[in-house]
Amino acid sequence: MFVPSVTNPVGDFVREWVPKLAEFLPASLQSDTLNSVVAFLVNALICVVAVCAVNIGSAPILIYMERKVCAHVQCRLGPMRLGWHGTIQTIADVIKMLFKEVYAPSGADKLMFYMAPLIVLIAPFIVCALIPFSRDLVVADVSMGIPMIIAVNGFGVLGILLGGWSSNNKYSLLGALRSGAQMISYEISFAMILLFVVMISGSTNLMSITLGQEGTIFDWWIFKIPVLGFIAFILFFISSTAEMNRAPFDIAEAEQELTGGYHTEYNGTPFAMFYLAEYIALITNSALATTCFLGGFLPPCIGITAIDNVLNMVPGVVWFFAKVYFMIWCYMMVRWTFVRPRVDQLMDFEWKFLLPVNLVLLVVGAAYITIGG
Amino acid sequence: MFPNLALPDMPFTFPLGGMDIAFYAVAIVMLVTAVFTVAVKNILQSAVFLIFSFVTTAILYLLLHAEFIALAQVMAYVGGVVILVVFTILLTTHLGEDAFSTKIPRLFAAFSLSAAFVFVMIKCILPTPDIAVATPSAPEGYSSLQSFAIRLLGYSQDGFIIPFEVVSVLLLMTLICAITVARKTKDEVEKEKEVRQ
């Protein structure tokens, strides 16, 4: 008999309490199998709710943050009217978005049109489930975390291609093809940087990648391998920006050239889902950068015992989200600082610069590990 | 005439645990999407159903604890092959305007071929002893990435280091070839400069 289980303190707590509560049920309903199945289902529900809460709950915060960062970069104030410094503005926008009528343009392939936003959301949710938020706070502690991330990234491309094609609009199709080409190209360097991380940490499990950076701040992968770690971090930053279709690599939805890109024809909830997928990808990529390079949930110890003790008192989740939001802030500053390259420049940059540099980085990293490390 | 035609006892005494339920659910989804892949009129829709069929196959591998094969399946097919197919379909003109259909004139031939295939499959699979209740004989962690890599890169007699290296050089060659093909020649660059001036 297959009895599924989720190993976690929370899971243990549920497994401990479900049999205790089951004693109040009639005797015919009491069995160990039923108890374990119920405990598993409760745990699974908790996992699903947690992933959804982190993802969907972060999106309004990120939208507010994006508006504020953008406004302050451009010497404006941003939303100020609704609530204290405009904090309720995004909630109002979300409510407006959800109550809009949902319709497809005439001649659109209805099935594909409504399936595309769902497919786009697959990858960010799966990646979010793999990320360790604290020492024992991870939904899926699988041994093949990094290959999993590389594998599910393909769904993003697929969703965008389908969304652009099924809209029956040439601007959407153009945007979808552009963004598909871009994402396929940048996926290669994205995967290669992750392979570099796998190589230096010797594991594909995200939890052991994080725990391999235990110690002081200089044990984080970004500093532990001199110069190479920092180069890899910068390359990861660039390729993940392109992977997310964020400016300056947002040729997929360059509004000056393509009206709105692949989601021109979308409105209401499906559009909100595309938007949500973009912001969840921002979170998951920042979380990935944090896990792979910035020590994940580990505190930034500096080697002085008195200070380290204070830093260690702060729970790991707080450190994790502090680093994630720092990364998100970096992505936003980049978005509002750099200009958008042309399509051919973008492709040249990937195939003629990023990819060769990545290959060299892999070889040099291997040489460093075998000779120096 | 056919001496071995008698089929062994049907192994229908599956222990109906969670794993079995999961298997049947995934298998049904896989079959339905596979049928839709062939039956749907629009070629792009059939590509999408093909993807779902591949993904459910990967989930089947996951249920069999072959994680690496499952991920390789998703990586190679969903991330690579089918995306390329979708790209090709999108770049073709007049897509979806007239529905494509495959007409097989020899209905009888097709039918007998598939019936023969099903027969051979049943004949091969069912005689396996204890197919339903046997426990896996592979040791724990046999299909994990680590033991996989150690076997793949082993120097010993049962290692695969030479084929692995040959394949990796081949893949590197294709990568470099892709870059070379995408690169502009000097003439093209000069022409472009002239056009801009």
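Mentor: Terms to begin with: helices (H or I, at least four residues) and strands (E, at least two) are DSSP runs, numbered from the N terminus. This is a predicted model, where local features need pLDDT of at least 70, side-chain atom pairs count only at pLDDT 80 or more, and totals for chains, interfaces and linings use all residues. Residues are numbered from 1 along each chain as its sequence is written, while chains are lettered from A and ligands numbered from 1 in the order in which they are written.

Trainee: What are the model's ipTM and pTM?

Mentor: The ipTM is 0.77 and the pTM 0.83.

Trainee: And what pLDDT does chain B average?

Mentor: Chain B averages 77, and 79% of its residues score at least 70. pLDDT is the predictor's confidence in each residue, from 0 to 100. Over residues 1-14 of chain B the pLDDT is below 50. Beyond near neighbours in sequence, that stretch has eight contacts in the model. Two residues are in contact if their C-beta atoms, placed from the backbone, lie within 7 Å.

Trainee: How many helices and strands in chain B?

Mentor: Seven helices and zero strands. Of the 197 residues of chain B, 12% count as buried. Buried takes 20 or more other C-beta atoms within 10 Å of the residue's own, exposed 12 or fewer, and partly exposed is in between; C-beta atoms are placed from the backbone.

Trainee: What about the largest nonpolar core, how many residues has it?

Mentor: That core has 106 residues. A nonpolar core is a set of buried Ala, Val, Leu, Ile, Met, Phe, Trp, Tyr and Cys residues joined through C-beta atoms within 7 Å. Those with the most contacts inside it include A:Leu158 and B:Val74. Helix α12 (residues 268-293) of chain A gives the most to this core, with 14 residues.

Trainee: What does A:Leu158 touch, leaving aside neighbours within four places in sequence?

Mentor: A:Ile119, B:Ile51, B:Ile83 and B:Val86.

Trainee: Next, helix packing. At what angle do α5 and α7 of chain A pack?

Mentor: About 175°, with the axes of α5 (residues 145-152) and α7 (residues 170-201) 10 Å apart. So α5(A) is roughly antiparallel to α7(A). Axes are lines fitted to C-alpha atoms, for helices over the stretch in contact, and angles run from 0 to 180 degrees between N-to-C directions. Under 35 degrees counts as roughly parallel, over 145 as roughly antiparallel, 65 to 115 as roughly perpendicular and the rest as oblique.

Trainee: Which residues meet there?

Mentor: A:Ile146, A:Ile149 and A:Ile150 in α5(A) meet A:Ala191, A:Leu194 and A:Val198 in α7(A).

Trainee: Last topic, the backbone. What is phi of A:Val227?

Mentor: Positive, about 65°, although A:Val227 is not a glycine. A:Val227 sits in the loop between α9 (221-224) and α10 (228-243) of chain A.

Trainee: Is A:Val227 buried or exposed?

Mentor: Exposed, with 10 other C-beta atoms within 10 Å.
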